Amino acid sequence: MCILIGLVVSGFAANAAGTEPVTVRIPFSYADESGACENAEILIEYANGMPAPDSDTKTVSSGSNDYFSLKTDAVGIYTYKVYQKAGSDPAVIYDDTVYDVTVYVTNTLGTDKLECTVTAVSNDSGAKPDKLEFVNKGTGTTETDTTETTTDTETTDSKTDTKSDTKTNKKTADEAKPFTAMIICFAALILLLGVVYVKRSDRTV
């Protein structure tokens with residue numbers, strides 16, 4: 001049995017008469033760090049002529065390890081794509097990594113037995129991982145959080161408007177004080193002049 005996990009290349013195969021089929025496993029793991037506790041659907045794609053896996057889709061829960069299994073009795077290079085089917089939860093960032101998996105099947109030197117090597121390449125980084133990993137993360141934003149943020153913003157705006165109105169009214173009152181004082185002084189001056197005029201009129205009489 002051959003276990004593990006590349007790069008998509010054109011495949012070839014040659015029947016090895018009398019050889020026993022070799023079992024190949026392509027393992028993967030899944031973790032949900034978003035808090036949604038959502039199962040994942042892991043898919044495998046392959047071209048015509050490639051040995052078919054035991055299933056095209058695996059449904060796994062968070063923290064699980066699983067694998068795609070296939071058998072072949074022919075020497076060859078076989079290529080596959082393994083990826084996660086994205087869900088619809090807006091609060092989850094689904095791992096969109098696509099792994100290009102290559103299975104090399106060869107004859108064991110001096111025997112009629114087959115052996116294989118499995119490699120994988122991550123399409124987003126070009127790295128060659130020891131295993132296929134899918135990790136979903138949270139966006140950090142929910143509808144509730146958005147509503148609370150909006151409410152806080154509105155409250156803040158209301159407080160700002162209230163403070164602004166208070167400052168404006170106070171400023172207007174302060175500006176009115178000198179004008180009021182001038183009116184009072186002017187009225188007092190007129191009154192004083194009136195008193196003086198009356199006294200002078202009395203003396204003349």
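Does L192 count as buried or exposed, and at what relative accessibility?

**View 1. L192 and the nonpolar surface patch of the predicted model.** L192 has a relative accessibility of 52%, and because exposed means over 50%, L192 counts as exposed. This leucine is found in helix 1, which covers residues 143-204. Together with L189 and L193, L192 forms a nonpolar patch on the surface, and the accessible area of these three residues together is about 310 Å².

**View 2. The aromatic pair of F28 and F68.** The structure holds 3 aromatic pairs, and one of them is shown here. The ring centres of F28 and F68 are 5.4 Å apart and the planes stand at 40°, so the pair is tilted. The pair links distant parts of the chain, since F28 lies in strand 3 (residues 22-32) and F68 in strand 6 (residues 64-72), 40 residues apart. Both F28 and F68 are buried.

**View 3. The aromatic pair of Y46 and Y80.** The rings of Y46 and Y80 also form a tilted pair, with 6.0 Å from centre to centre and 55° between the planes. Y46 belongs to strand 4 (residues 40-46) and Y80 to strand 7 (residues 74-85), so the pair ties together parts that are 34 residues apart in sequence. The two tyrosines are described separately in terms of accessibility: Y46 is partly exposed, with a relative accessible area of 30%, whereas Y80 is buried, with a relative accessible area of 1%.

Key: Residues are numbered from 1 along each chain as its sequence is written. This is a predicted model: local features need pLDDT of at least 70, side-chain atom pairs count only at pLDDT 80 or more; totals for chains, interfaces and linings use all residues. Side-chain values use heavy atoms; hydrogens and water are left out. Patches are made of residues with over 30% relative accessible area and no salt bridge: like charges are joined within 9 Å, nonpolar side chains (Val, Leu, Ile, Met, Phe, Trp, Tyr) within 5 Å. Accessible areas come from the Shrake-Rupley method with a 1.4 Å probe; for residues, only the protein chains shown count as cover. A salt bridge is a side-chain nitrogen of Lys or Arg within 4 Å of a carboxyl oxygen of Asp or Glu. Helices (H or I, at least four residues) and strands (E, at least two) are DSSP runs, numbered from the N terminus. Buried means under 20% relative accessible area, exposed over 50%, partly exposed in between (1.4 Å probe, protein chains only). Rings of Phe, Tyr and Trp (its six-membered ring) pair if their centres lie within 6.5 Å; planes under 30 degrees apart count as stacked, over 60 as edge-to-face and the rest as tilted.
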